[in-house]
Amino acid sequence: MSSAAATTQEEQVSYLREATKNVKSAAFHMKRSMDTNDLKSVLEHSATMLRELKTSLLTPKNYNELYMKVLDELRYVEDFFTALNKSGKPMVELYELVQHCANVVPRLYLLIAVGSVYIKSGEAPAKDILKDLIEMVKCVQYPTRGLFLRNYLSQSSRDKLPDTGSEYEGSGGDVSDAYEFVLSNFCEMNRLWVRLQQMGGGSKEGRKKREKERNDLRMLVGTNLVRLSQLEGVDAQIYSEVILPRVLEQVSGCKDTMAQSYLMDCLIQVFPDEFHLATLETFLTTCTQLKEKVNIRTILQNMMNRLSNFSDGNADRIPADLKAFTLFNDCITKVLEEKTNMELAEILRLQTALMTFALKCYPGRLDYVNHCLGMCASVLSETKTADLDENAIIEIEELLSIPLSSLALKVLDLDQYSELLTYLPWENRKNIATILVRSTLHTGTKLDTIEKIEKLFSAITPLLRDEAKDGDTPPTRDEEAAANGANAADFADEQTLVARLIHQMASTDNDAQFKIFSMARKQFGQGGVKRIQHTLVPLVFNGLALAQRVKSKEAADASVKASIAGATAKNEELQSEYKKAVEAVEEGGDKPPKPAPLDIPAAPVASTVSCRKVFQFLHEIVTAMATTFPDLSLRLYLQAAISADNCRFKAISYEFMSQAFIIYEDELTDSKAQLRALVMMVGTLLSCNNCEESDYDALITKTTQYASKMLKKPDQCRMVSLCSHLFFAPNYKDPRRVLECLQRALKIADAAMSSSSNVLLFVEILNHYLYYFESDCSSVTHKYLSGLIALIQEHVENLDENSDSRIEVEAICNATLKHIASKKETVGGKYEAITV
């Protein structure tokens with residue numbers, strides 16, 4: 001074949017097809033000769049087959065394909081040589097015989113195949129044969145052919161090295177012979193690999209093509225480093241004194257960007273972490289000497305990640321005398337000084353990697369984290385915020401996100417953290433704020449001081465309000481809804497996170513707690529109406545809990561003050577009695593013993609916040625929400641009314657109820673919302689046990705009026721029936737008005753009989769009657785129950801026999817009648833008079 005390089009894909013396919021055909025043909029004849037045990041013919045046909053590897057026409061990719069086909073056939077040759085050895089053939093004769101092959105490349109492949117069997121036979125020391133082979137292969141200097149030839153040598157000898165614990169150790173050599181052999185092979189292969197870049201033309205297209213070809217062949221070189229890492233006898237000392245210096249010498253001396261990048265990465269990946277720790281300073285020194293175009297950031301980042309994973313948060317794994325952070329920082333500083341044109345994103349990535357390393361390997365050293373942030377702030381201060389590209393923004397966000405998972409709220413104590421936040425656009429700051437809030441919630445950090453909360457709110461400002469733009473007018477409510485419609489779910493999730501923070505705003509001091517809530521209210525109020533529905537609700541409920549706590553303290557303080565007053569009065573009384581007793585003693589007589597004074601309790605610590613003040617604070621919050629979120633505000637007013645009633649603030653409870661009623665009248669127009677509100681209002685009134693009777697009477701009368709004005713008759717009927725319970729509360733009983741409500745409900749139900757489904761209303765009213773009958777309400781007698789049961793049975797008879805309405809009504813009615821029958825049997829008495 002010609003030595004001219006094939007340039008087209010069609011030619012490559014043609015050459016590869018022809019070479020493969022020749023290999024198969026020669027292999028066929030070779031195997032025929034093996035069957036007849038004809039050594040001479042076997043060597044001839046083997047040489048013919050191996051001669052195809054002399055070609056320089058194929059690209060490295062196609063050459064590799066041909067090489068693999070030849071290697072498959074060479075295994076048969078090795079097996080044949082092994083069989084000859086077992087039959088008594090001296091391997092030294094065969095070793096000399098194959099050297100008579102006329103062509104260099106076939107001769108060396110055969111020599112390696114025989115040498116492999118020669119070592120296994122034990123007829124000669126392994127170290128001598130390996131040394132001979134490594135010298136022989138030097139005669140092939142064409143890069144592609146030389147790389148694959150040495151790769152075959154490496155593969156054939158990988159299990160025959162005189163390593164520690166190997167069967168070839170001893171007379172066959174020791175581990176030094178093993179790693180010297182691999183190192184020699186590595187050095188030569190690296191030179192051939194680098195030289196491949198210099199072949200061919202100098203055009204840009206030609207250089208790119210060769211770079212791609214070299215990239216395809218890089219594994220051939222890296223395999224040698226893997227072999228070195230697998231040697232059992234290689235320890236940290238051998239690595240640091242022999243192997244690493246030889247490898248780094250090749251790295252520095254080759255002056256090739258691809259080789260330096262790849263080999264440094266190989267060193268990081270294949271050797272143990274303990275070796276890296278022992279040689280870290282040497283490794284980092286070499287990093288500063290690499291070529292300008294080598295991506296040093298990737299190399300340093302990979303090494304830091306490797307050691308970080310090794311440490312895994314346990315600083316004890318890093319030797320105490322090894323200042324790893326300082327070494328990395330010095331290396332990075334020197335790199336930045338030498339590479340003044342490094343992109344901003346790359347600088348930020350370096351500092352991010354260094355900070356990650358510090359967080360994992362030195363968990364308690366916040367000064368290291370602060371140093372990394374300070375370096376980034378220093379670099380960014382020289383760049384205008386408007387000039388930051390997308391990559392730089394992403395890296396700043398990554399830099400600020402990483403410490404949050406482990407430090408949570410502690411990051412706000414770092415000097416440069418808040419400053420770096422200002423370099424991010426609003427949306428990116430929002431992402432950081434979200435992570436910070438999640439981390440704070442996850443760690444359960446207590447927000448117990450104003451200073452701590454102010455720092456947090458400053459950092460999560462993008463979650464608390466919209467971005468302020470110069471010259472913009474505040475958006476209307478409709479504009480806000482439209483802007484956030486597409487992201488409503490995300491917005492709700494963000495605000496829910498903020499709302500959860502309120503539950504961690506806890507201080508044991510009531511005054512401090514009230515100040516915290518007041519500050520939170522001020523911050524949340526600046527977020528606009530779309531946020532307060534999420535954030536102010538938990539603030540109200542926590543405020544109600546604070547009111548109960550303050551009330552308990554006020555009661556306890558009052559008890560202590562009463563004890564102090566009692567003890568003081570008793571002591572004065574004792575002193576007065578003693579004085580009288582002394583005066584009554586005659587001159588010269590014995591004085592009575594002086595009485596021991598009673599212990600006076602310590603005066604309680606004065607509090608500036610009162611329970612009334614807390615309720616006033618809550619009233620202002622709910623009132624601010626009333627016009628925008630009436631349904632929600634009504635619920636909060638009712639809840640506050642119950643809490644105020646429990647604290648025995650009758651007037652405050654009445655005020656909250658009145659505000660809820662105003663919202664019902666002025667804001668609620670939907671019938672379903674009104675129905676829900678009335679049910680809650682009835683429940684709230686029944687829960688309030690400390691109201692003034694006149695106030696309670698006014699409220700329940702108003703509630704009953706609301707019920708009677710419901711739009712739909714069934715709703716009217718049910719709500720009027722429910723309101724009857726307001727007149728039979730534990731502290732307020734008016735049997736006459738109970739009966740009035742029930743009678744009115746019956747009239748409404750009778751008016752709604754246009755629909756058969758409304759027969760169920762009578763059954764529901766019957767259950768209300770039965771409740772009052774069992775509760776001994778004087779106005780509800782057996783005649784009402786008997787008459788209503790007869791009325792229900794009459795209406796049921798008029799329903800279609802198999803209709804769903806009849807089935808439902810009969811099921812519920814029969815259950816009620818069964819209950820009455822059970823009462824007749826077990827209790828008797830007044831139940832006997834009920835006609836079923």
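Biologist: Leaving aside neighbours within four places in sequence, which residues is arginine 718 in contact with?

Modeller: Leu761 and Glu764. They count as contacts because they have heavy atoms within 4.5 Å of arginine 718. Bear in mind that this is a predicted model.

Biologist: And why is arginine 718 called partly exposed?

Modeller: Its relative accessible area is 36%. Buried would need under 20% and exposed over 50%, so arginine 718, at 36%, falls in between. The residue is found in helix α33.

Biologist: What does α33 have to do with helix α32?

Modeller: Buried residues of α32 pack against α33, and also against α30, α31, β1, β2 and α34. Among those buried in α32 are Tyr696, Leu699, Ile700 and Tyr706.

Biologist: What span is expected for α32, and what does the model give?

Modeller: With 16 residues at 1.5 Å a residue, 22 Å is expected; α32 reaches 23 Å from first C-alpha to last, which is close.

Biologist: Which elements have the lowest and highest mean pLDDT?

Modeller: Helix α24 (residues 477-484) is lowest at 49, and helix α29 (residues 630-646) is highest at 96. For the protein, the mean is 90, with 96% of residues at 70 or more.

Biologist: What about residues 1-6?

Modeller: There pLDDT stays under 50, though the model has 16 contacts beyond four places in sequence for that stretch.

Terms used
Residues numbered from 1 in each chain as written. Predicted model: local features only at pLDDT ≥ 70, side-chain atom pairs only at ≥ 80, totals over all residues. Heavy atoms only, no water. pLDDT = per-residue confidence, 0-100. Helix = DSSP H or I, 4+ residues; strand = E, 2+ residues; numbered from the N terminus. Expected span 1.5 Å × (residues − 1). Buried < 20%, exposed > 50% of the residue type's maximum accessible area, 1.4 Å probe, protein only.
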